[in-house]
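Biologist: I am new to this structure, and I would like to understand its aromatic rings. Could you walk me through them?

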Amino acid sequence: MCGIVGYVGSKDALPILLGGLEALEYRGYDSSGLALVRGGAVEVTRATGKLAELKKLFAQRAGDTKEPATQGIGHTRWATHGRPTETNAHPHSAGRVSLIHNGIIENYLELRASLEKQGCVFKSETDTEVAAHLLNTLLEKGLETREAFRQMCQAVRGSYAFLAIDQKTPGHIYVAKNSTPIILGRGEGESFIASDIPALLPHTRRIIVLEDGDLADVSADFIYLENRGTPIERREEQVTWDPITAQKGGFKHFMLKEIFDQAQVVGDTIRGRFSIETGAIMLPELAALETAAQRLRRVVLVACGTAWHACLEGKFFIENFAKIPCEVDYASEFRYRPQLFDADTLVIAVSQSGETLDTLGAIECAKGKALTLAVCNVVGASICRRADMVLYTHAGPEISVASTKAFSTQLIALELLGLFLAEKRGVMSADQRRSILEMMIHVPAAISAALKVEPQVIAAAKSFCTARDFLFLGRGTCYPIALEGALKLKEISYIHAEGYPAGEMKHGPIALIDERMPVVVILQRDKLLFEKTLSNLKEVEARGAKVLVITDAADDKTLGVVADSIIRVPYVSPELSPLLLNIPLQMLAYHVAVMNGTDVDLPRNLAKSVTVE
Ligand code: F6R
């Protein structure tokens, strides 16, 4: 999640922009940069690492210039396309243009090829640089800046928040938004732009939130706005948040914000990675798998904690779609067992941070013997550097120690991987892939709908928050979700919880059940699993347990009889049920923890990235 700031007015832009970027540091970043407009010239300064590195460059130059710059744009980059290097840092420049971007340009390869044919020379590995070159090319054809910017945005497919400066129109910053947040701030004779409210709070509380399709031409005294070519006005709002609340997007904790981020980041993870028309899965980063896929005889998924639960779901995708036998192992166990695999094995390490020591150790054990692939959220992390290939999730920085949005992006990335392997092995027709993809595109909207169950989850949390033990039950693809629901509750509320395959309960854990034990049953729509889980549910209910059912099944009278409460999420497809059914469980853990007064974002004894054995 990169950070964006912009300023145009009469004050010294440098401290305003640096201060704005500092206020966005919590979003995470690996490089930063500024473009300042001074006397009709644009100066671009970029650095890798922390903002201190960028500040050092300005400190070295202090005194070189007499006139302060009164306009500029700034960026902190969280790498998605291209490594975290200075060349890949924003702003990107092309001729008269300096441009920064948050988001993902899906058609950047085709745009880049066409611009290269026209003589453009690219310096970076980023998707953003195509937008800078495209805008400059349109300006060179003689288009007026606003029109050139409009045409550039029309040519780009994907998600973006763009800020652009044209050297020939000082005093203007051109802004556009599609699926990536951006807000404008109004002051007296000055205007501000930022990807998030905290960057604006020291200067103004008067904001305009841009909508998808908006384009703005921002100057010190005037903001021109249009949506998809039609001039519009947007309501100015007054922000009342304090700076810390603003960092959390108005939520009380980062965890809750990250739960609510999931529609966006799941969309970001699938965007541009398949074609609905052809059913093709477009993962050029896995080119080495294209030929190897045919000969694969075994897949081993390794990870820790929540990422390990994502692997359990990944097994279903790989076995059902790609028809390859697949095992799942804890990284800490895998690395100390005999490595009985060969070059026809694919070892996949799944990790949000890319730094978990055991997962890194597992990939190191497999390296050279098997093909290795990392599914990771942090570009350039240690696990990514060791693996032969990397499939990135686009969850953005996850700040809360308890993982939520990273898990959902891991599920959807593993589903894409399963489809990719199926395509390359020729074991699934284009029509079959298309029908799965047609459901996949509805997931972000279904997540938004699932998030609306929060009031029901709060009611359930109220009745269960004093319990000392919980049991979570699920079958098939809902079993890993039962494990994940139990882990989340343990981690942040310190309440003992166990996840169990529903059919296994009668072999032991049923002895624990009494009226003090809440049982959370995850029940998917699938007919066979529904009926079988329902029988297990009856066994639980008969022993006096309080039963909370999380389901995507249509209303069923029997269910109402055995469950104390039922929470329903939308149904998208059998494969994607787990992703949606997990959302109320994340919320349940969160609200039970809040009711018990624990430190939700920083639970005791836990670290975000576990770099010890
Ligand atoms: C649970 C949680 C941990 C991590 C585990 C692996 O909420 O966050 O269980 O999932 O430590 O971390 P990564 O994915 O960074 O390898």
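**Rings and their neighbours**

Modeller: Happy to! This is a predicted model, and in it Arg-525 lies over the face of Tyr-571, 4.2 Å from the ring centre.

Biologist: What makes Lys-50 count as lying over the face of Tyr-29?

Modeller: Lys-50 is at 4.4 Å from the ring centre of Tyr-29, and the cut-off for such a charge is within 6 Å of the centre, along with within 35 degrees of the ring normal.

Biologist: And how many aromatic pairs does a search of the whole structure find?

Modeller: The search finds 9 aromatic pairs. One of them joins Tyr-7 and Phe-192, with ring centres 5.2 Å apart and planes at 50°.

Biologist: Why is the pair of Tyr-7 and Phe-192 called tilted?

Modeller: Planes under 30 degrees apart count as stacked and over 60 as edge-to-face; the planes here are at 50°, so the pair is tilted. Tyr-7 lies in strand β1 and Phe-192 in strand β10, so the pair ties together parts 185 residues apart in sequence.

Biologist: How do you know that Phe-192 is buried?

Modeller: Buried means under 20% relative accessible area. Phe-192 has 2%, so it counts as buried. Tyr-7, at 0%, is buried too.

Biologist: What makes the pair of Phe-334 and Phe-341 stacked?

Modeller: Their planes are 5° apart, and stacked requires under 30 degrees. The centres of Phe-334 and Phe-341 are 5.9 Å apart, and pairing requires within 6.5 Å. Phe-334 is buried at 4% relative accessibility, and Phe-341 is buried at 12%.

Terms used. Residues are numbered from 1 along each chain as its sequence is written. This is a predicted model: local features need pLDDT of at least 70, side-chain atom pairs count only at pLDDT 80 or more; totals for chains, interfaces and linings use all residues. Side-chain values use heavy atoms; hydrogens and water are left out. Rings of Phe, Tyr and Trp (its six-membered ring) pair if their centres lie within 6.5 Å; planes under 30 degrees apart count as stacked, over 60 as edge-to-face and the rest as tilted. Helices (H or I, at least four residues) and strands (E, at least two) are DSSP runs, numbered from the N terminus. Buried means under 20% relative accessible area, exposed over 50%, partly exposed in between (1.4 Å probe, protein chains only).
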